[in-house]
Structures are given as C-alpha cells and as structure tokens.
Amino acid sequence: MVLRITSIPPLNLLLLLWLAAPSIPAATLTPVLQNTLTAARSTGDLPVIIRFSDKLNIRALRKEVKTLLGADRQEGRRGHRVKRQHAKRALIVDTMKRKARRAKRLLRRFLKEKGEPRPLKSLWAINALAGEIPAYLIEEMAALPGVERISIDTVYTLAAPEGNRISGLPMWNLESISAVPLWETGLEGQGIVVGVMDSGVDMNHPDLIDNWRGGDNSWFDPYGQHNLPMDFTGHGTQATGVILGGDASGYQIGAAPEAEWIAARIFDDTNQATLSAIHQAFQWMLDPDGDPNTDDAPDVVNNSWGFANTINECYQEFAEDIRLLKEADISVIFAAGNFGPNAESSISPANDPTVVSVGSVDSYNDVAISSSRGPGACDGGTFPKLVAPGENIFTADRLPLTYNVVSGTSFAAPHVAGAIALLKSAFPSATVSQLETSLLESSIDIGPAGADGEFGYGLLNVAGAYNWLIDDLGLSGAGILMFGEKAYSIDETTKTLTLTLYRIGGSVGEISVDFQTSDISAIGGLGHDYLERVDTLVFSDGETARSFDITILDDSEDEMDEGFQVTLYNPQGGAVLGGRSSVPVTILDDDGPGSLVFEALSYAVNESHPKVTLNVLRLGGSSGRITVDFATQGGSATAGSDFEPKTGTLTFEEGVTSTSISVDLLDDDTYEGNETFDLILSNATGGATLGVSSTSTVSLLDDDAGETLPTFTFSASQYNVDESDGRVEVTVQRLGDSSGSYSVYYKSAAGSAVEGNDFTQIDGSLTFLGGTNSRTFEVEVLDDGTFESTETFSLTLYNPSSGSALGQTSATLIRISDDDAQPGVGLSSAGVSSGLSGGSTSGSLGTQSRIAAGGTAQEADGGKGQAGSFSFSIGNFLGVLDINGDELLKPNEGTELQSSVDPDGSIPADGDGEPLPGTDCSKAESLHPDDIETAGDGINQDCKGQDPQMDRQSKSSELDQTGRQNTHPAEDRTTP
C-alpha cells in the first residue's frame, strides 16, 4: 500500500497574494513550506507541524532506568530484562509527554498574544505540535526559542496495490517460512500483542474477531470517525489475516493465530492520511491507554504502507517515531514497496535502517517483479532486510467478501510480524534486537551468496530463528561487535546517517564500545561535510543491536563524492571486536544537474475534467539549466477522442526542482469504461538523467451515465458439497455492463483436498455473450469410500478479457464433506523424538506401538508388536505407516499422532494422551522457551493434560532448519 501526495497544503485553503516576501529563517522551515511562503503571502491558515529541539536523551534515559531498577536481580536475568523493558517504556512516555506540555504552553501563549488562538494536536513522541496556523505568523513562530523546524502537514491518498489474483494455494506461504513446526509444539503467539497501522481491521471477521484485544486501548482513529475497528478498503484486514488469522475457512491463514491485535487507522473515510495523524498513530502504539504506568504497548507493529514519491529517497519524517518504538523494545516491520524491478527503488519509511524491511517472493522463491530493490537510500546498505511470501496469498478480507487472494510486499511484511509474535511467545524475555537478529541470521540465502539488493539477507525461516535463539540465549559470552554493513553511503541532502552495530556470539551482561569518525576526503565540522563524533555505545544485557547517528551537512557546491571513516575501539565488559570494526562512509554529492521523474507513477481523473496535470520533479541536484522532452502515448484511451495529444519540452532553470505538464481531456456522452494513456519523458539535456519513474499512466474514469465496468465474481465465497455427490456446480457472475462479449479464465488449486484423489483438476475459460450475466461450470468430486474429515480446495478467476476486470470475490473455497462411515483410528508411538521440524515429521515405532484402524488393519505377525517406521508430511498430515514393508494406514489431516515416551527417560501415556498412573513426570525433558531445559514444563505436553493447541498435527517433531542455510531454486523453475 502506497501513499501519494494529494495536496500541499490540503484542500487548497490558502488565499494567495503575489507579493515579495521578507527573508525567512531557512534553518527552521522545510523547503516546501519556505517555497510556499516565499512565492506568495497568504491571508489564510496553513496546516503545519512545529517540531521542538528538546529531544529524548537516550543515554540519560538508560542510566535513569538502571538507577531505578538497581542491581537487585532476584527475579533472575530474564525477569530483570522484562522489568527493565517495562520501566523504560514508562519513562519514555512520561518524559516525552512532559516535554510536549512545555512546548504546547509556549505556543499557546504566543498565539494568544497575537490574538490568534488555535487548537493544537500534541505529537509528543517527537516533541511537536500540529495545527492550522495563520500563515503570516509562521516566520515569527520559527524564531521562538526551542523551535527546530516547521513543515507542511501534507495530505496523502491511499493507493493500495491490486492483488495478482491468478492462483492461490492456501497455506503454501506459511509452510514456506517454516511456521508449521512451531504450531506443532503449541507455540501460536499466545500472550503477544501485534499492532497494525493500516486502513483499519474488520473486527467481525470470523478469523479475527476472537483475537481483538478489546477495550478502550485497542483501537485508535485519529480522525475521530469510528469508535470500533472497521476497514473501508480491506487492506488492513488482509494484512492482519496474514499475521494472526484463524482457520474458519478450513485453512490456517495467519502465522500466529493465538496472538492478539490492536489497530490504528491511519486513513480517514475518504482514504486520505495526514502526516500528523500518522505521527499520532505511532505515539498511540507507545501508550494505547494514555497511562505510562500501565504497559499495554504491542510487541510488534506492522506497517504495510509507504510513500510513492520517495523512490530511492531518504524521507526521514518518521525516523524519530521509529527510534522511540525501538528503544521501547517494540519491533517495527515495513513493507519494502512495489516499485521494482529496477535497483535503487527503495521507498520510505521502509528504507529507514532501523526497521525490518520485507520484500516479496512467490511460491518458487523467485523475487516478485514489483518488489522494491536496494541498496537502501538511507544508508546504502542491504535492502530489503528479508524476503517473505507475498504473491498469491490467501487471506481474510472485509465482510461480506470474507477471503481473497492478494499480492504485494504489503502481504510479505505481515509474515515477519507474525514470526516475531511466534518467537516472542516462545522467548518472552528476548529483546527486540535478539528477535530481529535471529531472523536475519537464520534466513535462508536463496539469492546470490550473501546479503544482496533483491533478497536481502534471505527468506524468512521461523524454525531456524527459534533454534538460533535457543543457541544465543544459551551462550555465556559477552559477544563480538561489528558493523552491520561493509560500507555506507548517503545523499548529501539526507540529514542523518544511521549506522547499526551488531553483537553476535553471546549477549550476556552490559558491554560498551567507543567509536570515532575520521576524515578521508570529506571534512568534519560545522560549515563542512559532516559533524565529527567521538562517543561510547552501551549495550544492555541481552541487547544484540544498537544504532547511532552521524549528522550530514549539505552545501551548494557541485563536487566529487566525499568520504570519511567510522572506527570502533576499546570494547568493555568482555566484548571483543570483529572483522568489520571500521567502515567507510561515502557522501554522494547531489549538487549536479539531477535526474527527472514524475511525482507519481499513476494519476486518475474523471473524464469530464477539462485537463489533468502531472508534476515532474528534479531530484538529486539542481545545478545548471536543463531540459527534457515529453509526449503523450495512447493506451486504451485514444488520442484525439479521449485526450488531446501533446508533445513539448520542459525547461528547468538553475535551482528549479519542479514543474508540471497539463493535458487537455475530451469528454463524450458514451459509456465506455475506464481508459488509460501514458506520458513519457525523454532526451534529458544539460547532464541530467531520467529516473526510474520517467513514465506515468493517466486513468480516465468514465463518469457517463450507463452501466459500470463489467467485472467477474464467484456467486459465493464458499461452496459445500458431499463427497458422494460426485460434482459441485460453481456459478460465475458478470456484474456491471452486460452489453458486450467478454471472457474470463478459471482454475483449481489443491488444499487439504488432493488433485486426482479428492477432485479432478480443472482449468478453463467462460465466455459471456452480450446480455449474459452468469455462467455455471462443474468440478468433479471423487469418492474414495474411506472416511476423511472435511477437505477443501480453491478456485480462482484470472485473466479477464480487455475492458473487463475481476470482482471482489475472485477466489472461492470448495468444502468437501465426507459422508463415509467413520472408522476408529488411533496411533500411539513409543519412540517419537521431541523438537521442531521444518519439513516432515518422522520417527520409529517400537514394540509398544498400538494401531487401530476400524478392524480393517491387521496387526503384523500375529498380533505381536513389530519395529518399523512412519513418515508424515507437515501441512496436510498425509502419510504412510509402514511396518515390515506393509502399508497399514494412510491417515488424513484429521488423524492425531499421539506420542508416548519409553521408561528410559520418557513418559508412557494412555490412548487419550494422558500420563499413565504412576508416571514420573520429572523425567520429561523438553525445550522451554526461556529456560532451555526444563522438567515437565515445556514443549512435551504429556504431563500437562490435553492441550487443544496441540491437536493441529503431530505432538512432537524435530527442528531441521538450524542456522543460516544456502539453498538456491532450481534453474528450470519459472514464475507461474
């Protein structure tokens, strides 16, 4: 989901008088605001954000927390970490609110003295205020003591990416990230709260309603329009479904189905967002109930949004908000953006070095064409940080649509948020840096060897991260310190460079390390290229990543790129320096002629509007006079009929960074559906170059009377059929215009129902002649005569013919109810190993194994227990039990695998999974999330009674994803 500028300022509130403006203190006004006031004096109000310079001193905060807690650690090291986290969050909120109150008193007094009182919104997380201020007072306000910067409170419009609804295989995505093995141990995100900043969430969805935390501290609408969670577009509901949705559809859709969600709606009822509202949402996540003394903040915040006008730009509007959340031990996840396949297509805030940015891959582990690539614009480092499934994801949607198949990095990021929830549930005392480091270190390298600009560190691997945390929490060393990147680079206009230092190989105790900058070709100091820095960085116990900032200074000289060095030295507390203890930093000069791009990749306007205006930006430098040619190019819209063809040349004088192109539109009275044409830049001169967005598409929205655009949709989001019926009839409807002839394709995809065993695969097309509004086709259902629980497969619509589109219900589920007689099936094994498995469950059956299959299976060798083996695939739980080579049982996903343990250190159990009388539970050894090894209190549930969360599939399995792995997709794989 991307945000596009709607207006600066919003709603065109200004009445402009073209008069010369007096000099303005440039240090405190952003360029957009400065240009507005310089170009014209206004008699109206300007919506602005006023930032104050009194910021949070992180070092002082940490010292105060340390003093408050003292050295008493009676609760143990892990308990002390949790206590420290709570104390730090409370102190952050209290401190920042006090700073904001002082700033608000100052500004209120100023406005009252001027006879211009105004309501002000407190953005206490960044010590700022937002409001509509008389334009003639802004320059005077900028001179007030403590005012750091004033900027326009820009309005952005939601532009959500459409899903690529061609095929959707439920649960492939969750199996791909190895989430299933954690479910098998009972770890499903229990006790964890996930924050969602998006379009809202449909709280009544059957897969989400039970997971809403509820109460006054679980929903925030900065616009005050809705008191309970809701979602007009479905985007936030879709993302939340991937994080923690349940299995009401017959498929598990969320990675952490027992986690709870809270949500901040950053878009209003018109799908617009202001910068100040997004700031409010961030700070609400720090303190949802408004009381610093209660710790009700989420453990992780998912952000499936970004700014479309920041491609390869470092926009640091929300950098302070993000730093504050991270300091409060809250993980911040961002979608990488959908502006690939070109390199250097990162967007903000995802390219903030302190967040976990997530790119998208498909079911073949190929990076999605649209997924944004690195390096990151804010540090020149690895971007995205991780990749996760994001193409053709089956998930929840707002009611009554219920479910959908969606694509984009918006749906890759929630997989990482769900992974954090699973891991935090398993390791409650783990710090956010440990959790995030575990994901990077355990990711599966599926691209070029090492971190790269397409796959980042690799594919998300939850089971591997679980193992990494077990190893890391069990280490006793202080750790090795090294920078996260081999080198850093940043544009000269970016004010702050953030460098991250990692602590690996141990995280016990508090440690510190000194660092300093040194000149190479860049010169440190005021009036030069950057501010030199000599300082100390302190890691708390359990902290594995810390970041620090270096201020970059901009000048107007067109010069070569320049550089300096940052070096670590003098580690304390037992830590040692690693191989990457000194890194170069390059300052990229942007005082050249620059590059030219359209402000937005697409525009939409009603056909009846007289013209459409597209903005062209000059980025990365404004030196000299340059020109660029432009021309319209017809698509489905026709030049001369729908718009006036136009060619020309734009000229940018020295220092000019933006201009615009207007194209006249031609209206008619005939309904013809929405049409598009392109505007293309070419032939840049004066040393300027063309950027990645040198083409923009204009959509002409038909507003003539008549039918709407024809769309295809299934008549229901779910169909039910008995196995013995032999077939299921499915109806596809055409909505909207019914006058022409159109077609659409459909295909099936297996779920728990298997092609060839439970249904016949189908792939075909339907043609709708003029006047035809519905078509029906049949799918053959196969009856095997063997009892199975309800199974499901899906059907999807794709590839509608030109001039038509897919409707909301472009995917549907077929639920096959088994009507065969039910046999009694049970399995109790004496030799199943404990642990997690990223692929399949396997083990051996000893002589104590018992098998019952409704009287149809014969006990081998005259009723004597025999040694043998079994294998069950994770996901559908289909497998073969083989004793002495005979296939005795082929269970379906409803069959339970109940493991008992032999007397040699394990636990015998009865047929219900309960310990047998006299069982000594103290011998049960398991992996407990925090204590690593426990007796009868962890993953092994035999001594704890039946746990309904353990009934998903097997009770125990074994981790097979350990550490970082190198696997590459087969060369003959192609994107579906």
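**Close-up 1. Salt bridge between D287 and K97 in the predicted model.** The side chains of D287 and K97 meet at 2.8 Å, N to O. D287 sits in the loop between helix 8 and strand 13 (300–303), while K97 belongs to helix 3 (residues 76–113); the two are 190 residues apart. Both residues are buried. The whole structure contains 25 salt bridges.

**Close-up 2. Salt bridge between R323 and D549.** The N to O distance here is 3.9 Å. Because R323 lies in helix 9 and D549 in strand 26 (residues 545–551), the pair ties together parts 226 residues apart in sequence. R323 is partly exposed at 22% relative accessibility, and D549 is partly exposed at 30%.

**Close-up 3. Salt bridge between K326 and E436.** The side chains meet at 3.2 Å, N to O. K326 is in helix 9 and E436 in helix 11 (residues 432–442), 110 residues apart. K326 and E436 are buried. Elsewhere, salt bridges with shared partners join R51, K55, E148, E317 and E320 into one network.

**Close-up 4. Aromatic pair of F282 and F318.** Among the 22 aromatic pairs in the structure, this one is tilted, with 5.7 Å centre to centre and 45° between the planes. F282 is in helix 8 (residues 275–286), and F318 is in the loop between strand 14 (306–307) and helix 9 (319–327). F282 is buried, with a relative accessible area of 0%; F318 is buried as well, at 2%.

**Close-up 5. Surface patch of negative charge.** The patch gathers D722, D725, D783, D784 and D819. D783 lies in the loop between strand 44 (774–780) and strand 45 (791–798) and is partly exposed, with a relative accessible area of 43%.

How values were computed. Residues numbered from 1 in each chain as written. Predicted model: local features only at pLDDT ≥ 70, side-chain atom pairs only at ≥ 80, totals over all residues. Heavy atoms only, no water. Patch = residues over 30% accessible without salt bridge, like charges linked within 9 Å, V, L, I, M, F, W, Y side chains within 5 Å. Areas by Shrake-Rupley, 256 points an atom, 1.4 Å probe, with all protein chains shown as cover. Salt bridge = Lys/Arg side-chain N within 4 Å of Asp/Glu carboxyl O. Lys, Arg positive; Asp, Glu negative; His and termini not counted. Charge placed at Lys NZ, Arg CZ, Asp CG, Glu CD. Helix = DSSP H or I, 4+ residues; strand = E, 2+ residues; numbered from the N terminus. Buried < 20%, exposed > 50% of the residue type's maximum accessible area, 1.4 Å probe, protein only. Phe/Tyr/Trp six-rings, centres within 6.5 Å; stacked < 30°, edge-to-face > 60°.
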